[in-house]
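Biologist: Could you pick one part of this model and take me through it slowly? I'd like the cut-offs spelled out as you go, and then a look at how that part connects to the rest.

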Amino acid sequence: MQQLKAQDAKQYSTFRLAATLAKVTLLSSLDELKVYQPASQPLLLGEGSNSIFLSDWPGEILRYTAAGVQTQQDDEHLLLHVEAGHNWHQLVSQTVQEGWWGLENLALIPGSVGAAPVQNIGAYGAELADTCTYVDFFHWQSRQVQRLLASECRFGYRDSIFKHQLAGKGVIVAVGFCLNRQGKAKLNYKGLDHLAPDTNPTDVMNAVIVVRQAKLPDPAKLANCGSFFKNPLVPVAQFVQLQQQYPAIANYPQADGQVKLAAAWLIEQVGLKGYQLGDIACYQQQPLVLVNQGHGTAAELLQLIDLIQQSVFGKFQVQLEPEVRLLRHHD
Ligand SMILES: Cc1cc2nc3c(=O)[nH]c(=O)nc-3n(C[C@H](O)[C@H](O)[C@H](O)COP(=O)(O)OP(=O)(O)OC[C@H]3O[C@@H](n4cnc5c(N)ncnc54)[C@H](O)[C@@H]3O)c2cc1C
């Protein structure tokens with residue numbers, strides 16, 4: 001166990017707003033977690049690529065860093081048991097390079113394996129739920145690890161049981177995956193559709209990387225947390241009305257009858273693509289991403305969020321919800 005005091009929040013969030021974190025505890029094994037007795041409920045943090053500190057954080061912060069991988073394989077399948085502290089993209093690139101299908105469309109998503117089930121990370125027509133078999137969850141109350149099968153995790157669009165019934169109840173310690181030797185490439189996204197249907201997982205992963213690098217800012221160079229808002233889901237009736245008014249409206253019909261709209265398109269339509277407020281900006285190449293150009297403040301970020309939400313609602317009557325976790329301590 002390692003306990004760090006008075007930490008600079010810029011090292012713990014890829015959005016890098018200025019703040020001080022009073023106490024960060026790093027636990028590197030399940031044995032350490034089992035004997036850890038925090039004074040108050042800790043805030044869980046992975047690599048901070050979906051978390052923004054809007055204020056100083058006086059409470060305890062916990063990072064579970066165990067990162068081991070166990071594998072079992074036969075001719076057709078690779079079963080993986082991956083501890084939560086493992087880096088997500090490393091897992092993707094290693095399995096893809098070994099020729100396994102399953103994670104290739106999810107390449108280059110920043111963050112840890114432990115955070116991946118929380119919002120059921122997704123990109124380019126794939127999501128964690130497609131390959132996840134189980135999530136091992138340590139409960140604070142019982143101090144036991146429960147194995148939740150994927151079917152019990154209530155995975156949805158950027159959603160899972162870990163954001164609801166199990167929020168604050170414990171720690172994801174490991175995630176299970178099943179990958180396939182034979183697979184079918186998911187290529188129905190712009191930027192991947194030039195690949196031949198009989199391509200291999202490495203080519204798909206490389207194409208995903210090229211598209212992502214062209215569209216998304218690298219958080220190491222320009223502070224950001226990826227897509228800032230979720231793509232909103234609207235009922236068909238509302239979509240039909242919107243389409244009559246705006247025939248070019250980007251839309252993705254869902255299995256449950258709702259229609260997913262592209263938040264980036266909505267933001268562009270209200271003229272905020274590239275808009276800058278202080279040192280926080282709506283990224284020119286991808287308006288769904290907000291960036292901190294170096295010295296942005298929480299007040300500027302909150303003002304820009306408000307402006308975007310109000311402008312989009314004013315024009316389309318659609319409410320944008322942040323996908324990013326905004327952390328503000330209230331005294
Ligand atoms: C450039 C960029 C691109 C991105 N692209 C995508 C994308 O294409 N698709 C996508 O889905 N996301 C994307 N994201 C968002 C981000 O990568 C994911 O949300 C990722 O899963 C966050 O991982 P993290 O470890 O950084 O999580 P953190 O921000 O540290 O935490 C995120 C959430 O997970 C919880 N958590 C973390 N570890 C644990 C644990 N062990 N047990 C229980 N809860 C835990 C935290 O409490 C928090 O609620 C992008 C982000 C960036 C910066």
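Modeller: Let's start with a strand pair: S18 and S19 run antiparallel and share three bridges. (Pairing takes at least two DSSP bridges between the strands; strands are DSSP E runs of at least two residues and helices are H or I runs of at least four, both numbered from the N terminus.) Before going on, keep in mind that this is a predicted model: local features need pLDDT of at least 70 and side-chain atom pairs pLDDT 80 or more, while totals for chains, interfaces and linings use all residues. Residue numbers start from 1 along each chain, following the sequence as written.

Back to the pair. S18 and S19 make a hairpin, with six residues between the two strands. Within the pairing, Ala281 has Val291 of S19 as its bridge partner.

Now the side chains of S19. In a regular strand, side chains alternate between the two faces of the sheet. Val289 and Val291 point one way from S19, while Leu290 and Asn292 point the other way, and all of them are buried. (Buried is 20 or more other C-beta atoms within 10 Å of the residue's own, exposed is 12 or fewer, and partly exposed is in between, with C-beta atoms placed from the backbone.)

Put together, the four strands make an open antiparallel sheet in the order S13-S19-S18-S17. S13 (223-227) and S17 (276-277) are the edge strands, each with a single partner, so one side of each has no neighbour in the sheet. Helix H6 packs on this sheet, touching S17, S18 (280-282) and S19, and its direction makes about 25° with that of S18. (Two residues touch when their C-beta atoms, placed from the backbone, lie within 7 Å; axes are lines fitted to C-alpha atoms, for helices over the stretch in contact, and angles between N-to-C directions run from 0 to 180 degrees.)

H6 covers residues 298-316, and Ala298 belongs to it. Ala298 counts as partly exposed because it has 18 other C-beta atoms within 10 Å. Leaving out residues up to four places away in sequence, Ala298 touches Leu17, Leu54 and Ser55. For a sense of span, Ala298 and Asn180 are 118 residues apart along the chain, and their C-alpha atoms are separated by 44 Å.

The shell around the ligand has 32 residues, with Gly46, Asn50, Gly111, Gly114 and Gly226 the closest. S8, S12 (170-180) and S13 are the elements that give two or more residues to that shell. S13 gives the most, with three residues. (Being near the ligand means having a C-beta atom, placed from the backbone, within 6 Å of it.) By class, the shell splits into 17 nonpolar, 13 polar and two charged residues. (Nonpolar is Ala, Val, Leu, Ile, Met, Phe, Trp, Tyr, Cys and Pro; charged is Asp, Glu, Lys and Arg; the others, Gly among them, are polar.)

Leu108 lies in the loop between H2 (88-97) and S8, and its phi is near 65°, a positive value in a residue other than glycine. Most residues other than glycine have a negative phi. Leu108 comes out as partly exposed because 18 C-beta neighbours lie inside 10 Å.

Val92, Ser93, Val96 and Gln97 from H2 meet Pro201, Thr202 and Met205 from H3. That contact has four nonpolar, three polar and no charged residues.

There is one more positive phi to check: Ala6, near 45°.
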